[in-house]
Amino acid sequence: MRKSASDPIGTLSVGNVVNAAISLYKSNFRDYFAVSLRSVSWLVLAILGIIPIVILASVFNNIGLTVLAVVAWLVLLVFCLAKYATNRGIISRLAYQQLINQPETVTSATLELANSHWKFLGLILWLGLFYFAAVIVTYLALILSIGLGVLVGTQMPNPVGYTLAAIIIIAGVLGSIWLLMRFYSYFFIAELPIAVENCPGGLDSIGRSRQLSAPFISRILVIVLIAFLITLPLNILANVPSFAAIGQMNSNPGAYATLQVVSTILSLLLELFLVPFWQAIKSVIYFDLRSRREGSDLQMR
């Protein structure tokens with residue numbers, strides 16, 4: 001990173017953050033992968049928990065047992081999500097401690113966050129609620145822009161009108177994507193305050209994330225976008241079977257189910273390798289933001 005007396009850790013940029021994240025990922029691959037495997041295993045357990053429900057519903061056709069199994073699975077799902085989120089936080093903590101030259105072992109980081117499961121669960125539930133509300137608002141704005149574009153094209157049935165309508169619709173689509181990504185960027189590092197600062201709860205961690213991110217939100221948005229584009233080919237590849245399954249939905253239910261299972265397995269494998277990368281990016285951004293906002297004397301290795 002480029003450094004100066006006034007900017008000891010270097011400028012927050014796409015290249016700096018991604019390079020630092022890749023460096024952390026490569027030098028700590030074994031530890032990060034071990035925690036990521038633990039994290040994904042909880043997701044697998046939650047998915048496998050659906051099997052008894054399917055068996056009870058299709059084989060025994062017992063409504064009472066099925067309802068009981070669904071309730072049990074919901075309890076399992078909550079527990080698995082808490083464990084999954086905590087292990088993601090452990091990777092972020094490991095990366096951050098590496099950045100401040102106070103490296104921890106997986107065991108010590110796990111012990112530090114042993115009592116934070118419900119904090120992380122609360123965090124993902126609150127974030128899910130906020131993202132859902134943001135999607136609804138953005139969707140309504142998108143529908144409005146499309147409706148306006150159609151209205152303009154209807155009222156002005158000529159090349160100028162059609163061009164203007166196309167501009168309005170395209171602007172609405174791009175604007176909606178930009179708004180969602182900007183909203184997401186405010187809370188991109190929301191796990192770190194719990195993982196590092198032991199924030200008392202999910203809402204506190206979200207507030208802390210917004211406080212640190214607000215002055216640099218445009219740069220964070222660009223970093224998130226570029227990192228997303230870097231991983232996009234892998235995401236598309238993992239979802240190829242799912243796309244192929246769409247054509248088999250009605251004609252071949254067996255093939256449809258098989259392709260969806262393959263897609264799920266590929267997505268879990270992708271999650272296994274990409275979670276450490278994303279958590280490392282979050283840690284580098286968090287490190288940089290804390291240094292800038294709070295005048296920390298933290299130094300990168």
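**Reading aromatic rings and a nonpolar core**

Reader: At 25% relative accessibility, how does Phe 183 count: buried, exposed or partly exposed?

Author: Buried means under 20% and exposed means over 50%. In this predicted model, Phe 183 has 25%, so it counts as partly exposed.

Reader: How is a pair of aromatic rings described?

Author: By two values, the distance of the centres and the angle of the planes. A search of the whole structure finds 15 such pairs. One of them joins Phe 130 and Phe 187, with 6.4 Å centre to centre and 40 degrees between the planes, and is tilted.

Reader: What are the accessibilities of Phe 130 and Phe 187?

Author: Phe 130 is partly exposed at 26%, whereas Phe 187 is buried at 9%. Phe 187 also pairs with Phe 183: the centres are 5.2 Å apart and the planes are at 75 degrees, so this pair is edge-to-face. Ring pairs link a cluster that includes Phe 130, Phe 183, Tyr 186, Phe 187 and Phe 188.

Reader: Which charged residues lie over the rings of Tyr 186 and Phe 188?

Author: The charged end of Arg 210 sits over Tyr 186, 5.0 Å from the ring centre. Lys 282 lies over the face of Phe 188, at 5.5 Å.

Reader: Which residues touch the most other members of the largest nonpolar core?

Author: Ile 281 and Ile 285 do, in a core of 54 residues. Helix H11 supplies the largest share of this core, twelve residues. Beyond its sequence neighbours within four places, Ile 285 is in contact with Val 17, Phe 188, Ile 189, Ile 220 and Ile 223.

Key:
Residues are numbered from 1 along each chain as its sequence is written. This is a predicted model: local features need pLDDT of at least 70, side-chain atom pairs count only at pLDDT 80 or more; totals for chains, interfaces and linings use all residues. Side-chain values use heavy atoms; hydrogens and water are left out. A nonpolar core is a set of buried Ala, Val, Leu, Ile, Met, Phe, Trp, Tyr and Cys residues joined through side-chain atoms within 4.5 Å. Buried means under 20% relative accessible area, exposed over 50%, partly exposed in between (1.4 Å probe, protein chains only). Helices (H or I, at least four residues) and strands (E, at least two) are DSSP runs, numbered from the N terminus. Contact means heavy atoms within 4.5 Å. Rings of Phe, Tyr and Trp (its six-membered ring) pair if their centres lie within 6.5 Å; planes under 30 degrees apart count as stacked, over 60 as edge-to-face and the rest as tilted. A charge sits over a ring if NZ of Lys or CZ of Arg is within 6 Å of the ring centre and within 35 degrees of the ring normal.
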